[in-house]
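Here is a short report on one protein and its ligand. It covers the fold, the ligand site, the salt bridges and the surface.

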Amino acid sequence: MSNTNEEFELEEPLPRRRFMLLGGAGLVTIGLGAFTEGLVGKATEPLNQQVESLIFNPQKPVPEFALTAIEPEKLLINSFRGTPKIDPVTYRLAIAGAVDRPLSLSMAEIQKLPLTAMVIRHVCVEGWAAIVQWAGVRLADLIGLAQPKSQARYVYFESADGYYESWDLASAMHPQTLMAYQKNGQPLEPAYGAPLRLASPIKLGYKQSKWVTSIILTNELLPRKGYWEDIGYEWFAGL
Ligand SMILES: Nc1nc2c(c(=O)[nH]1)N[C@H]1C(S)=C(S)[C@@H](COP(=O)(O)O)O[C@H]1N2
Ligand SMILES: [Mo]
């Protein structure tokens, strides 16, 4: 894999950024196949105002670490109910809810989208932290392909182990919020959330859902906010 973006690119002119988010060249990219060309064609239709403002408003990048700072032994496996069995070949990620174009994507399809790598600190509320390299697809790219409706404000994540989470849309669209399938330069292991998990430097560990099977956009925050939130933990959980 490419490990070349040790630093996040800070300034980027708007036109290139727009192209990039709609499926063009990322900082670390792989080629786009026929599958994504079809999707990208659709996604270049104008997005609605509200979602555009979230995508294109400057969202401050969090400084990243050098590859030499990675602490492989410090990332503890923290799973409330063990590791669910998922067949990566039959696995599908659903993107649904307040979108014009609901999607069901295989890992092969997701892996054709631009690959972004970042070295960030994972912080668990239980008192441990680890510097990790995650690589995967930007959540903003996936949400963009599904064409969110203008009323969409929140993003729900359902996981194969019964875990669930909700995020504000702006945090989900942050350029360092990834759906990761690699960790420290290797394929993501099942215990750490394979085939696909959230990874972002802007939220605490419990917001980083592993084994995500559905991403559902909503207009409202539902009473069922998240596994830990519903027993008293903070919902926004920003870092
Ligand atoms: N599906 C699912 N995602 C989850 C959890 C979980 O139990 N189930 N635990 C959360 C917590 S509290 C943390 S700190 C991180 C831990 O990620 P890791 O096991 O890869 O270190 O996953 C988060 N995502
Ligand atoms: Mo955690």
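Buried means under 20% relative accessible area, exposed means over 50%, and partly exposed lies in between. Glu 189 has 33% relative accessibility, so Glu 189 counts as partly exposed. Its salt-bridge partner is Lys 183, with the closest N and O atoms 3.3 Å apart. Lys 183 has 9% relative accessibility, so Lys 183 counts as buried.

**Overall picture**

The model is predicted. The protein has 239 residues, and buried residues make up 53% of them. Its secondary structure comes to 6 helices and 10 strands. Among contacts with a separation of 6 or more, 73% are between residues 24 or more positions apart. The protein exposes about 10500 Å². Carbon and sulfur atoms supply 56% of that area.

**Ligand site**

Around ligand 1 there are 20 residues. Leu 76, Phe 80, Asp 161, Arg 197 and Lys 210 come nearest. Asp 161 places a polar side-chain atom 2.8 Å from a nitrogen atom of ligand 1. Arg 197 has a side-chain N or O atom 2.5 Å from an oxygen atom of the ligand. Gln 208 takes part through its backbone: a polar atom there is 2.9 Å from a nitrogen atom of ligand 1. How much of the ligand does the protein bury? Taken alone, ligand 1 exposes 540 Å², and the protein buries 99% of that.

**Salt bridges**

The whole structure holds 7 salt bridges. Three of them are listed here.

| Pair | Closest N to O distance |
|---|---|
| Asp 100 and Lys 149 | 2.6 Å |
| Glu 189 and Lys 183 | 3.3 Å |

Asp 100 forms its salt bridge with Lys 149. The pair links distant parts of the chain, 49 residues apart. Asp 100 sits in the loop between β1 (93-97) and β2 (103-105). Lys 149 sits in the loop between α5 (139-145) and β5 (154-159). Asp 100 is partly exposed because its relative accessible area is 48%. Lys 149 is also partly exposed, at 31% relative accessibility.

Glu 229 joins Glu 165 and Lys 207 in a network of salt bridges.

**Ser 166**

Strand β6 (residues 164-168) also holds Ser 166. Ser 166 counts as buried because its relative accessibility is 0%. Its side chain reaches the backbone oxygen of Lys 225 at 2.6 Å. A polar contact of 2.8 Å joins the side chains of Ser 166 and Trp 235. Leaving out residues up to four places away in sequence, Ser 166 touches Val 155, Tyr 156, Lys 207, Leu 221, Lys 225 and Trp 235.

**Surface patch**

Which residues form a nonpolar patch on the surface? They are Val 125, Ile 231 and Tyr 233, with about 270 Å² of accessible area together. Ile 231 is found in the segment after β10 (212-218). Its relative accessibility is 55%, so Ile 231 counts as exposed.

Technical notes. Residues are numbered from 1 along each chain as its sequence is written. Chains are lettered from A and ligands numbered from 1 in the order in which they are written. This is a predicted model: local features need pLDDT of at least 70, side-chain atom pairs count only at pLDDT 80 or more; totals for chains, interfaces and linings use all residues. Side-chain values use heavy atoms; hydrogens and water are left out. Helices (H or I, at least four residues) and strands (E, at least two) are DSSP runs, numbered from the N terminus. Buried means under 20% relative accessible area, exposed over 50%, partly exposed in between (1.4 Å probe, protein chains only). A polar contact is a pair of N or O atoms within 3.5 Å; within protein, one must be able to donate a hydrogen and the other to accept it, and residues adjacent in sequence count only if both atoms are side-chain atoms. Contact means heavy atoms within 4.5 Å. Patches are made of residues with over 30% relative accessible area and no salt bridge: like charges are joined within 9 Å, nonpolar side chains (Val, Leu, Ile, Met, Phe, Trp, Tyr) within 5 Å. Accessible areas come from the Shrake-Rupley method with a 1.4 Å probe; for residues, only the protein chains shown count as cover. A salt bridge is a side-chain nitrogen of Lys or Arg within 4 Å of a carboxyl oxygen of Asp or Glu. A residue is near a molecule or strand if one of its heavy atoms lies within 4 Å of it.
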